[in-house]
Amino acid sequence: MKKQYFVLCLIAATLLLLTACPVVPPDTEIYSLTGKVQKGPFVKGATITINELNESLNQTGKTFITSTSNNDGSFEIKNMVLESNLVLLTASGYYYNEAMDELSRSQITLQAITNLEEESSVNVNVFTHIIKGRIETLMASGKDFNTALLTAQQEFLRFLGVDESSIENFSDLTIVGNTENDAALLAFSIFVQRYSGHSDIVPQLYAMLTQLLNNLQEDFKDNGEIDNRDLIDELLENISSIYFVNVRTCLERKYAELGFENIIIPNFEKYVNIFKEKYAEVIYEEIIYPEEATPYPEYYEPGDETDNLLYREITEYLGNRTCSFAAIVPFGRTLKIKYTHISGDGKIGFRQNAGWNVKYVDGSTIMTPLKYNEIVTSSADMASPLNSNSASGKFEYFEDDSDTPTYTKIFTWH
């Protein structure tokens, strides 16, 4: 009986071992894969499809599916039995929109091609998506995968104006990393997404994002350049619409909510500036206070311009109307405006967080711009004095972190 019991136990243990380990056919390997999907971070439940590719990057028909496991875009898949080490990852889902501080209102799809012999962790992002077609073109011309990948990455960094000598594999990058390439990824991830404060327009912006990403991929694939000026102008227009100071604040708060302490938001502003210097027709070097500007940039129509209260040459105004509050502040320069009411019962109301961060400190109003190298504008509602002929106020301009005002303007309205 003891011998029979021992044989039964041995058989059971053998069956357990066989069922615990996948059967590996000849000429195959077992791969496991982890990573993150980011435009902003994809949320939990986004679908990740892994398609095996042959040496010509054609799909073999072997497919594996997993999903993001939490709201920072993380995913994992184990025990993929593959004949080829090349795979296409396709991620589809909702994501956190860092420009508008909201969950995206529609899903987007991002892709990446990778070599599993080289990478066991693969991040899918806007960089990997755009170079996908270029990798396919280069391999069709006879290059091996690693050479095609390196070439496509160098070409795209060159388009962005990023130093190619510090190149990293795009699938290793993260929008909350601490490398120069991480910073470039975050910058580009931000300015492919247009911002609008107009709620009726926002739903269209997600379809525009998908269209822009695919158009960039299509233009880049043939010659490793994005030479369609309309696409470059669309990127520049997107840049002009976004409050980059708010983006940094929103990302820091979002990752703190996800449980990440001391998260690093890289210096993406540097690469926004580099892109603009390379492609924009006008680059500002001095702080400018235009005579007129629109008080409501998100609803701007030609002819909407009104007096800019920061314009230095005008010191008398009519009340009971909306003026603009505007400046152009180059990258690398800083500006703080302090408003103090002097006399009269007329009041000025400055629109909160519409181009400017507005704070109230010791009876004064402190305003700092939310973006740079574009006109930063908001509204200032000027109520006429009730019981006096005029009211007066004072603006103090603190440029380039000066402790004392670089200029002071005293003005009246009636």
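Tutor: Let us begin with helix α8: its buried residues pack against α3 (145–160), α4 (180–191), α6 (229–241) and α7 (244–257), where contact means heavy atoms within 4.5 Å. Helices (H or I, at least four residues) and strands (E, at least two) are DSSP runs, numbered from the N terminus. Please keep in mind that this is a predicted model: local features need pLDDT of at least 70 and side-chain atom pairs count only at pLDDT 80 or more, while totals for chains, interfaces and linings use all residues. Residues are numbered from 1 along each chain as its sequence is written, and side-chain values use heavy atoms, with hydrogens and water left out.

Helix α8 covers residues 268–279. Its 12 residues should span 16 Å at 1.5 Å a residue, and the end C-alpha atoms are 17 Å apart, which agrees; the expected span is 1.5 Å times one less than the number of residues. The buried residues of α8 are Phe268, Tyr271, Val272, Asn273, Phe275, Lys276 and Tyr279. Buried means under 20% relative accessible area, exposed over 50%, and partly exposed in between (1.4 Å probe, protein chains only). As background, an α-helix has 3.6 residues a turn, so residues three or four places apart point the same way.

Phe275 and Tyr279 belong to a cluster linked by ring pairs, together with Phe127, Phe156, Phe159, Phe170, Phe188, Phe191 and Phe220. Rings of Phe, Tyr and Trp (its six-membered ring) pair if their centres lie within 6.5 Å; planes under 30 degrees apart count as stacked, over 60 as edge-to-face and the rest as tilted. By this rule the count comes to 30 aromatic pairs. One of them joins phenylalanine 325 and phenylalanine 350: the ring centres are 5.2 Å apart and the planes stand at 70 degrees, so the pair is edge-to-face. Phenylalanine 325 lies in strand β12 (residues 321–328) and phenylalanine 350 in strand β14 (residues 348–350), so the pair ties together parts that are 25 residues apart in sequence. Phenylalanine 325 counts as buried at 1% relative accessibility, and phenylalanine 350 is buried too, with a relative accessible area of 8%.

Strand β14 is joined to β17 (residues 375–382) by 3 bridges, and the bridge partner of isoleucine 348 in β17 is methionine 382.

Another open sheet has 4 strands in the order β3-β2-β5-β8, again with antiparallel pairing. Here β3 (59–67) and β8 (108–115) stand at the edges with a single partner strand each, so one side of each is left without a neighbour in the sheet. Between strands β2 (residues 47–53) and β5 (residues 86–93) there are 7 bridges, and glutamate 52 has valine 87 in β5 as its bridge partner.

Lastly, a charge meets a ring: the charged end of arginine 312 sits over the ring of tyrosine 407, 4.2 Å from its centre. A charge sits over a ring if NZ of Lys or CZ of Arg is within 6 Å of the ring centre and within 35 degrees of the ring normal. Tyrosine 407 itself counts as partly exposed, at 27% relative accessibility.

Definitions and conventions
Two strands pair if DSSP finds at least two bridges between them.
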